Amino acid sequence: MKVVDRLSEKMLPIVSKMSSQRHLLAIRDSFIVTMPLVMAASVMVLLNALIFSNATVQRILDLSPLAELASIVNNGTMSILAIIVCYNIGWNLATHYIQTGVIDDPSFSPVHAGILSTAVMFILMPLSSTVTLMDGNTAEATGVFLQSLTSSSGLATAMIAALVSTELFIKLAKMKSFKIRMPEGVPPAVATSFNSLVPEIVVILFFSVVVFTLNHTTGLNVPQLIELAIQTPLKAFVLSVPGILFLQFFSDFLWVFGMHGSSILAPIRQAPLLQSIQENMDAFSVGKEIPNIITEPFTNAFGLIGGGGCILPLVIAILWASKRQEQRSIAKFGLTTCLFNITEPIMFGLPVVMNPIYMIPCAIIPSINLVIAYAATSLGIISKTVAAAPWITPPVIQSFIATGGDIRAAVLTVILIILDVFLFLPFVLAANKAKLAEGGY
């Protein structure tokens, strides 16, 4: 126990700073806002695959014209994710500065930071793009913005545009020399706009000059540079087996010390995982080969069975083999919440947090599940994930939905639950012995 306490004392200050860091918080909260859009797109992808374009259904009733609905929904959801995230990062970061008193001007509005962030994002995009025509030939087009820049593929550009532009905007907005004082009686909306006028113009001109200089000196545009320097290496790491196992283990490792690992690591892993599931959804909707095994629905369905630490199998193991009445009572209470991937009642009630017996399996078992699921997917035993189910979707059902209705994925989840129960069993028995050594049950 002393080792656990010592490790916790060293880790807690570092992780606490990470979890409260303003830029990471702004990014994390911005991704949370996009989840309903991702779910809506996933629902349409599933309907398209299981009903609208299903050969069996078409023998009874031809619903293939409705397949266009999936494309229409996608245009208003997945295809604009980067724009929405960009605006919200600017808004969240500016709101943080208002709430902490860094900006104390009542006429300052975080809406301007969100709008400015979005404007800068589009400034960073190339003036012309190569497009593929209907006949298969390519051509240079101006006055258009590619979906690859406004969808999840453009999230890295969106995040950088929002963070840098908002920081510059805040610094300039604090300078009294840049403020335009309006007489009393002027409507607040007008006063706010004029108060932000000079700082916004300066920020826009700054980024415009950067883009102009880059275009005329290197021939590259900003999204290309970001992809080369940041997005491609980060995606390669997150979507690799070692990368996702490291992130999964670290997330669960933080959980057993009482820190919400998924939220802390979200700014690092969210963008690549969103991009990977969008690529899968796009390929699935047109009948092409699914490119990615590792996606967020994949990690949720197989690495978070019952929530962080795979708590559901632990609860089953306790109800099966534990003789400790206090743990059985908590397990009975937490069983319902674990079925919907809510772990807190068990994490903090059992507890798992700071418990030297249960910490080890809860930190390791989710990674074991991912290795097995990855092997099963790569061998073609189960399908790749093509849709995002809500995180509260019960295990088994979640893997069935995420893989586009593959019953084999649901069966694998049941097998993993059984395996995890047996993996947790020695630790439950160890907890029994520890209690017995203390003087009985």
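# Overall composition

The protein chain exposes about 20,600 Å², and carbon and sulfur atoms supply 69% of this area; accessible areas come from the Shrake-Rupley method with a 1.4 Å probe, and for residues only the protein chains shown count as cover. This is a predicted model, in which local features need pLDDT of at least 70 and side-chain atom pairs count only at pLDDT 80 or more, while totals for chains, interfaces and linings use all residues. Residues are numbered from 1 along each chain as its sequence is written, and side-chain values use heavy atoms, with hydrogens and water left out.

The protein chain contains 19 helices and two strands. These elements are DSSP runs numbered from the N terminus: helices are H or I with at least four residues, and strands are E with at least two. Of the 441 residues, 47% count as buried; buried means under 20% relative accessible area, exposed means over 50%, and partly exposed lies in between (1.4 Å probe, protein chains only). Among contacts with a separation of 6 or more, 71% come from residues 24 or more positions apart, a contact being heavy atoms within 4.5 Å.

# Helix α17 and the nonpolar patch

A nonpolar patch on the surface is formed by F249, I360, I364, I368, I372 and L419, which together have about 440 Å² of accessible area. Patches are made of residues with over 30% relative accessible area and no salt bridge; like charges are joined within 9 Å, and nonpolar side chains (Val, Leu, Ile, Met, Phe, Trp, Tyr) within 5 Å. Helix α17, residues 359–378, gives the most to the patch, with four residues. F249 lies in helix α11, residues 241–255, and is partly exposed at a relative accessible area of 35%.

Helix α17 also has buried residues, including M359, P361, C362, A363 and I365. At 1.5 Å a residue, the 20 residues of α17 should span 28 Å, and the end C-alpha atoms are 30 Å apart, which agrees; the expected span is 1.5 Å times one less than the number of residues. A kink of about 25° lies at I365, shortly before the proline P366. The bend at a residue is the angle between axes fitted to the seven residues ending there and the seven starting there. After α17 comes G380, with a positive phi near 80°.

# Salt bridges

The structure holds six salt bridges, each being a side-chain nitrogen of Lys or Arg within 4 Å of a carboxyl oxygen of Asp or Glu. One of them joins the side chains of R22 and E167, at 3.5 Å from N to O. This pair links distant parts of the chain, with R22 in helix α2 (residues 22–52) and E167 in helix α8 (residues 155–173), 145 residues apart. R22 is partly exposed, at a relative accessible area of 31%, whereas E167 counts as buried at 14%. R22, E167 and K171 are linked in a network of salt bridges.

Another salt bridge brings together the side chains of K235 and E279, at 2.8 Å from N to O. This pair too links distant parts of the chain: K235 belongs to helix α10 (residues 222–238) and E279 to helix α12, 44 residues apart. E279 counts as partly exposed, at 23% relative accessibility. K235 is also among the residues touched by Q275, together with S152, S153 and Q231, when residues up to four places away in sequence are not counted. Q275 lies in helix α12, residues 261–285, and counts as buried at 9% relative accessibility.

# Backbone features in the loops

The peptide bond from L350 to P351 is cis, with omega near -10°. P351 is placed in the loop between α16 (344–349) and α17.

Two residues other than glycine have a positive phi: C310, at about 50°, and V396, near 75°. C310 is in the loop between α13 (296–303) and α14 (311–321), and it counts as buried because its relative accessibility is 0%. V396 is in the loop between α17 and α18 (397–402), and it counts as partly exposed because its relative accessibility is 24%.
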